[in-house]
Amino acid sequence: MVINRLKNPKTWFIILILAVVYAFAYFFGFGYISLGGMSITVLHIPVILVTLFLGLPEGLVVALFFGISSMLTAGLKSPDSIDFLFRNPLLSILPRLMIPIFVWLVSKALRRRIDDNTYLASYIYKLFPAFCGAFSNTVFVVLALVILYPDAIGVGGGISASATIIASLLEANVVCEILLVLLASFIVNFIYNIYQAKRKDKTIEESNDKENKPIRKTFQKWLFLINTLSFFIIFYFLYSLLSYQNMTGFKRLAEEKVKGVSKVIRIYGLSINDEDLTLGERGFALIIEGNKIVRCGKKELEGTEVDREKDKLKSDDRSVRETVRSTEGYYNGIYGVYASKDVNGKTVAAFIPSSEIYAGRNQILSILLLGLTIVFIIFYFVITHLVQKRVVQKIEIINDSLAEIQSGNLNKRVNVIGNTEFEELSQGINDTVAALKNTMDEIEDKNRQEKEFAREIQHSALPNPEYFQNDNKEYSVWGTMDTAEEVGGDFFDFYVLEDGKIGVIIADVSGKGVPAALFMMTAKTMLKDLILSGKSPAEALQAANAVLGENNENGMFVTAWLGILDYQNGTLEFSNAGHNPPLLKKKGCKPVYMDYKTYSRSLMLAFMPDTKYENNKIDFDKDDILFLYTDGVTEARNSDKEFYGEERLLECMEKHSAEAVNEILDSIRSEVAVFVGDEKQFDDITMVVLKR
């Protein structure tokens, strides 16, 4: 299995990606890129890509490497930093292993629902799981921090875990990580699609156009795409609105605090209570004299120096110094809102950190995130269910009905109601089928008439046995033909020759219907001309075989038995071209088959042009009977798929041999009909009896 994977070009494609990413990661802080004040990790990108393009086992291996890398790198960090905590495998390795599992599950579920064999779908079920993987990277890490080290991220200080997670997810570095993952996934998928298209010797457009696109999956693809975009637009709008409201409110709060403290200082100087210098849970007011903090709501800052240039506390404009001004920025390494005012040679300031400013926003967004996710999931499945029930199922019903109609059931009615469009479509199909049925009935009636006419023509070409009875009663002959269809390929014929001779032939053309009938007419006419010209049976068959084999593109052939009875001398000369062995009943004996071991038989006509045919000659005395037949007699089948067979025919012939020739044929036809029962006649049934 490993060798097969190494032979797969996709494996080497992903290995190349891993090599590039890890080389990039090595030269830029072993997986962490510093961008301004942000630290962006890139090691989870190959984890996601490998999971998407190779599979879960490979993704887990790369994730394990990612986690071990994070754990080893953590030992090089400052012991006072959060990064140092990642020495714990439960924090560095376990959350990383969850990423490929999460990506694989999302990709699997999404692909099953929306993959309609288009490139857009491939981008969706690759990029969305990639987004979820990058998102889950932060979620699993923060969850691990909340469980293992709650105080390190402020959960123990009164901020809820949900707010902490949301705050972490909304940080700029997480957004950058997600964008990097999406960009990498897009590029890899684009290159991979081009590679696949070229491998199939197609362009992307050609490959895309030739793929089937199930309507259900196509709809779910677009619904998912629109749903997801709507989700992010709504979430971003609420995020921006709440951020603006919180920032504006806390700016006003900081300004009011500065005004309040300034008023107290004007009246009482520095004699101000410590409680008046606190602001919310983490904010504080401070009084600066010179460059030194003389009073502060955060006691550890009293007596420390401030950098007015850095903290933008210096102003030479008296009007500005006497006006409360607020701004956003960093103070003492912490981002937040800062407001200040100059009073009596001192600077009164108030600072509120962003963790408190956006705590309310994060609480609301955590609820909204959960609520919106649930609402959009419900919305997606409800709409999908409605479309499946109201549209797709009705289309499937119509398709099933059409399939039944195509199979031949023209009485099937399409009855899909509930929508005007489907009712009109159903009615249109029913009207079309009704018109088709009427047309087919008309064509069938016309064909039936034409076939009946052809049948009459064919039967008129057969001899009427009554015209061939010998006036001196030196012989009697009779023949019948029952076709399986309106026209058939069997035939028989009688020839009255000179010098007290009569010719008899029975033949069976391969196949049934009109082609067999046309071939039969050609063979019948040709053999009649040859016999009447004075040729022997073998000579006639040989000449006919040479002509019938020419231009025989359809590969048809004829089995024939041709004999000439010399009733004055009591001899029967005959030749067999691949036909069934006749039954011969000598006077006072039981009927027997004239088998091929005793009497020579050659190949059928039109099969091989150089076939040689031989004459056989026997005595044919008074009261001797010759019964000729085609395989439609012996191969007649009943409902149990049993053949009538040669044994039954032999018994029937023996039982009715004393009858007149026409009665013998009627008796055999009756027995065959009783044996077959209600089963449809499979082949033409032709019989001839010659009696002396």
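This text looks at one helix pair, then at aromatic rings and the charges placed over some of them. The model is predicted.

Two packed helices are described by the angle between their axes and the distance between the axes. Helix 11 spans residues 215–268 and helix 15 spans residues 359–406; their axes come within 10 Å and cross at roughly 160°. Because angles over 145 degrees count as roughly antiparallel, helix 11 is roughly antiparallel to helix 15. The crossing of helix 11 with helix 15 is right-handed. Sorted by class, 22 nonpolar, nine polar and two charged residues make up the contact of helix 11 with helix 15.

Aromatic rings come next. A pair of aromatic rings is described by the distance of the centres and the angle of the planes. There are 22 aromatic pairs in the structure. One of them is Phe231 with Phe235, a stacked pair with 6.1 Å centre to centre and 10° between the planes. Both residues belong to helix 11, where they are four residues apart, about one turn of the helix. Phe231 has 13% relative accessibility, so it counts as buried. Phe235 is buried too, at a relative accessible area of 11%.

Tyr380 and Phe381 have ring centres 5.3 Å apart and planes at 85°, so this pair is edge-to-face. Tyr380 counts as buried, at 7% relative accessibility, whereas Phe381, at 42%, counts as partly exposed.

Arg601 lies over the face of Tyr596, 3.5 Å from the ring centre. Arg637 lies over the face of Phe682, at 5.2 Å from the ring centre.

Note on methods:
Residues are numbered from 1 along each chain as its sequence is written. This is a predicted model: local features need pLDDT of at least 70, side-chain atom pairs count only at pLDDT 80 or more; totals for chains, interfaces and linings use all residues. Side-chain values use heavy atoms; hydrogens and water are left out. Axes are lines fitted to C-alpha atoms, for helices over the stretch in contact, and angles run from 0 to 180 degrees between N-to-C directions. Helices (H or I, at least four residues) and strands (E, at least two) are DSSP runs, numbered from the N terminus. Angles under 35 degrees count as roughly parallel, over 145 as roughly antiparallel, 65 to 115 as roughly perpendicular and the rest as oblique. A crossing is left-handed if the near helix is turned anticlockwise from the far one by less than a right angle, and right-handed if clockwise. Ala, Val, Leu, Ile, Met, Phe, Trp, Tyr, Cys and Pro count as nonpolar, Asp, Glu, Lys and Arg as charged, and the others, Gly among them, as polar. Rings of Phe, Tyr and Trp (its six-membered ring) pair if their centres lie within 6.5 Å; planes under 30 degrees apart count as stacked, over 60 as edge-to-face and the rest as tilted. Buried means under 20% relative accessible area, exposed over 50%, partly exposed in between (1.4 Å probe, protein chains only). A charge sits over a ring if NZ of Lys or CZ of Arg is within 6 Å of the ring centre and within 35 degrees of the ring normal.
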